[in-house]
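Hi,

Here is the structure I promised to send over. Have a look at it first, and then read my notes below.

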Amino acid sequence: MAVDLGRVAGPFVRNAILLMMINAAVLGTTAISLSSAWAYGEVKGWPHSLQLPWKNARGFYAVYLVCVAVAAAIVLIPGRRCN
């Protein structure tokens, strides 16, 4: 999409769209990981808040870390291409 629009509108528009897509991806993965960790903490009865320090909400932060690591591992599978 960015390449096609870049042909019509120029390289600045192409780069701006690509930057917005990266921002959307980062925001989306953060929101999904945090909501998953929050929901799991809610079910388990653990304290679950980003306002709590690590030592008070270890389970929440551990689940969040696992979610981020799994997402990164999926994205960084060597040789994987999306067509």
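Let's start with Tyr 61, which is buried, with a relative accessible area of 15% (buried means under 20%, exposed over 50% and partly exposed in between, using a 1.4 Å probe and protein chains only). Before you go further: this is a predicted model, where local features need pLDDT of at least 70, side-chain atom pairs count only at pLDDT 80 or more, and totals for chains, interfaces and linings use all residues. Residues are numbered from 1 along each chain as its sequence is written, and side-chain values use heavy atoms, leaving out hydrogens and water.

Now the aromatics. Searching the whole structure turns up 3 aromatic pairs (ring centres within 6.5 Å, taking the six-membered ring for Trp; planes under 30 degrees apart are stacked, over 60 edge-to-face, the rest tilted). In one of them, Tyr 40 and Trp 46, the centres are 5.5 Å apart and the planes sit at 70 degrees, so this pair is edge-to-face. Trp 54 and Tyr 61 are tilted, because their planes are at 45 degrees, with centres 5.6 Å apart. Trp 54 itself is partly exposed at 47%. Together with Phe 60, Trp 54 and Tyr 61 form one aromatic cluster.

Which residues of H3 are buried? They are Phe 60, Tyr 61 and Val 63. The buried residues of H3 pack against helix H2 (11-44), with contact meaning heavy atoms within 4.5 Å. On the other side of H3, Arg 58, Leu 65 and Val 66 are exposed.

Cheers

Terms used: Helices (H or I, at least four residues) and strands (E, at least two) are DSSP runs, numbered from the N terminus.
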